[in-house]
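Reader: I would like to learn how to read a protein model. Where do we start?

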Amino acid sequence: LIRNESQKELLDRLRKKQSSLNDRYINKLANDIPLLAEVFCDPTTVNFSDNSPPNSIKGMEDIDGLSSQFRFDFQEFVRFLSDPSIPLVVVLEDLQWASEAIMDVMSSILRDVTHHGVMIVGVYDDDKELRYDSLLCEWSKYPGVAINKIILTHCHDESGIQTLLSRILGPMTDMESLTECVYEGSHGSILGIDQLLSGFEQRGILRRENGSRKWIFEQASNEGSDNIHKRIRSLILSLPQDMAGICHFIACYGNSCDPTFLSYLGSEEQVTQVVQRLIDAGIVLEDQSTKSITFAHAFCRDAIYHMHSEEDRAYLHYRLARVMWTEIDVADLARGNAVCFIVDHFQVGKRFMKSSRERSAVVRLCLTAVQFSVKMAAFLSSSSYLQFGLELLGDRSWHNDYDLSLELHNSIAEIELCRSEFNAIDKHVDEIIDNARCNADSIRARTVAVYKMGTVGSINEAVHRGCKLLSELGVILPLRPSVISAQKALVKTRALLRGKSDGFIDRLPPMQDPDKLAALKLLCIIFSFCFSLNPRLAPLIAYETIRLTLDFGVCSISSVGFVLYGAMICRIPGRAIEGYRCGKVALSIQKRFFIDIWSGRVSAIFYAGVNGWRNPLKEGLGKIENAERSLLLVGDKDFAMRIANVNITIQLDITPLPELVRKIRKTRATMRFYGHHHNLSLAAPIMYILQQLSGRTDSHFEEFVEASSEMLARDKVLLQQSGRKKVPVESGTAQWAIYSQMMICYLFGKYEEAFRHSQRCAELLRHPVGAGDTSSPLLFDGLTNLALARKSKGLKRRFHIQTAKKRLRWIKNFAEIAPFNFLGKAYLLEAELSVVNRDSKSAHSLYAVSVCLYKEGGFFMGAALSNERAGKYFLEMGDLEMASKYLREAIARYKLYGAEAKAQHLRNELASDGRRLV
């Protein structure tokens, strides 16, 4: 990682970012643990290596030495180092040896839209067997990524190298003359210069003295003038045929070989002799601790590998794949430790697979490789393996091998969904439906189609088709459940779980029924979209999921039902402990099934909707962000986008507005990158609040406000399409857009307008959901009614006071469950109620406690608002000293929060009063 700063300066700069950069990255740099191989003396270079032993990094379980945790760590490290003013250059050399995991790390860096000023330099030998052209094509589709391919001239011809050597070994020893000579002799090949000089240094021909900056020649000119490729070829040709074959296999295998692989190539005596000859000749180096061998330089491996023609090399790859497939233990194949490697070699040598039996066997191997690649989130590799499998089966695949073709097309549809390649999904789903022998065979494909419809914005059609498909599987889910139906579902779910301990659920057998597994998957998918269409579906989905689990066995998707049920009942007075327990049960189910594609959903729902009822909201923010990343990693992009918006909503009161703006823009860029344009409307309510509070009106804000208007219109259309005869108010995500307008109207003193908005989001106020965003709509509705009660008389005044009391009862119930999150809101609303009831003694103390609680909890807007309301109360009472104190604090806190427009509005409001209070 090339920077214009020394190692010490780099570490000092990272330490200054401790508030934003996790300590573990700094410790990895400072302690020089295996993740950071070494820091060179050169002050402009920091060198990373992935060659540390797999067991040296905690949690390392991938065959290529790169775990998902490493991918996250490295990506986070690059993200914090990247800076447009000082470009970050990541140099990856000899990519022809790179594993799929390395290429996936590169892809993750390029996909990360938060990177700015990053340049990746990859150097590789342009070999026809390697699939870099397809990778370059894939990367070029990423937004903001410019691909430039530079073809360098190599000096493999005899005369070129001979001329170069003769000139290098001449009388010139100063650095400038040598550099000019080498550049001229290598025909301007930068790669050739670097590799040639490095090779001479490793072989002891050249040595550079840093003090004098001169090259010292350690050997006579006639020893260094031999052509390296010629000497290596002569050595290989001098070996017996079987030993030479072992050398060719080693070169085909890659840069390094472990002793297990070497044992497959021949007898122990033969392999030992070959390895020793290569070591003596300086072609390979042996690691004494692991007994693995590594080529000394790219020239060495390249010389052996290119001794054969392209046809012969393809046959060598084919034979190598056959040898490893025959020799490797079946258990190792099942774990995926070598299956991807074998399939890669089969792809190179596919022209030599003639028999249909062998092709079918390799197709099954491809499916095994996909299972392992998906766990590593290597979706590009997975797609490549599946396309290779289709190619092997041929045009008559459905006729010759129906089951294998069905599995391949289903897998491709699911992988393309993870990659957001929606056109490819339609193609394979249609082919499955056309060729399926019965409806049951097409359920998996139709499930993918349902998820794809919701992902691209056709939520109403997705829910309709999903419910219809569920009915085929024996699960009835009404499209338009009433409030009573939702409440009954919660009651029935509680009855199902009554008397069943955590141990009983842990001992449930695994679910085996394929129809029930398919039904659970559909329920989980429909849940993703129900809050955009009808939130009352959520209790029914939780009930059906838990019912199927208790009746037919547990699976990883069961955890989604438990955590969803827990999130819904936590807000019910007296049932927070039960809800938290259900959330913990969901996490334990996920641990039982280790790492699963649904674990991100479970973690996100738990920390966004359950954890906040027992712990401070701040403690779960990092976990929600990790869950969002996990969802993106496994391809569940639609739910990841929704969780990103939920996380931003939770942070509205506990994160400064400028930081929230950056997070929303990052989320927006991610949505656009993955083609989830319809999800832009989910961030519209928060973006509207940020715009009004900060006073900023750039194009980014205007785009979100426009999306908010589109969301309101689309929501009403969805309701009409769903068959409701009356559409009195908006529902779904549009409720939050209306709430945002109510909140802003109250903060800027437009109480009548705020009350009209509160009537339109009555559904949200009656049935709040979630720990992070439940109390805010209730608080502002209560404050709005109390503000109007001060101006009203008679029945209107009584109505507003009664409404405010209802909101206060809700918030007090929440405060009893989680006082650290809700108690400040309860005291503020009660203080306002005391003012309306003319209980000035209670109001004074209640305001003071509310301000204190908001400050201790780290709530920016809450602390500013409570100070503002307290200041205005003392202003009405005539206590100008106390009023000035609170109002000054309110303005300061609004500015600290980033709400410049609100602070200025408060100044103007006080200035119009005529008294110089602030």
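Author: We start with aromatic pairs: rings of Phe, Tyr and Trp (its six-membered ring) pair if their centres lie within 6.5 Å. Planes under 30 degrees apart count as stacked, over 60 as edge-to-face and the rest as tilted. A search of the whole structure finds 23 aromatic pairs. This is a predicted model, in which local features need pLDDT of at least 70 and side-chain atom pairs count only at pLDDT 80 or more, while totals for chains, interfaces and linings use all residues. Residues are numbered from 1 along each chain as its sequence is written, and side-chain values use heavy atoms, with hydrogens and water left out.

Reader: How is the pair of Tyr253 and Phe341 arranged?

Author: A pair of aromatic rings is described by the distance of the centres and the angle of the planes. For Tyr253 and Phe341 these are 4.6 Å and 45°, a tilted pair. The pair links distant parts of the chain, 88 residues apart: Tyr253 belongs to helix α11 (residues 241-253) and Phe341 to helix α17 (residues 339-348). Helices (H or I, at least four residues) and strands (E, at least two) are DSSP runs, numbered from the N terminus.

Reader: At what angle do α37 and α40 cross?

Author: Axes are lines fitted to C-alpha atoms, for helices over the stretch in contact, and angles run from 0 to 180 degrees between N-to-C directions. The axes of α37 (residues 734-747) and α40 (residues 775-791) cross at roughly 45° and come within 10 Å. Angles under 35 degrees count as roughly parallel, over 145 as roughly antiparallel, 65 to 115 as roughly perpendicular and the rest as oblique, so α37 is oblique to α40.

Reader: Which residues of α37 and α40 meet?

Author: Contact means heavy atoms within 4.5 Å. Trp736, Tyr739, Met742, Met743, Tyr746 and Leu747 of α37 meet Ser776, Pro777, Phe780, Asp781, Leu783, Thr784 and Ala787 of α40. The residues of this contact divide into ten nonpolar, two polar and one charged. Here Ala, Val, Leu, Ile, Met, Phe, Trp, Tyr, Cys and Pro count as nonpolar, Asp, Glu, Lys and Arg as charged, and the others, Gly among them, as polar.

Reader: How do α30 and α31 run relative to each other?

Author: The axes of α30 (residues 576-592) and α31 (residues 599-609) cross at roughly 160° and come within 10 Å. The two helices are therefore roughly antiparallel. From α30, the contact is made by Tyr580, Gly583, Lys584, Ala586, Leu587 and Gln590; from α31, by Ser599, Val602 and Phe606. Five of these residues are nonpolar, three polar and one charged.

Reader: In what order do the three strands of the open sheet lie?

Author: Two strands pair if DSSP finds at least two bridges between them. The order is β5-β7-β6, with antiparallel pairing. The edge strands, β5 (256-257) and β6 (284-286), each pair on one side only. Three bridges join β6 to β7 (residues 293-295), and Glu286 stands opposite Ile293 in β7.
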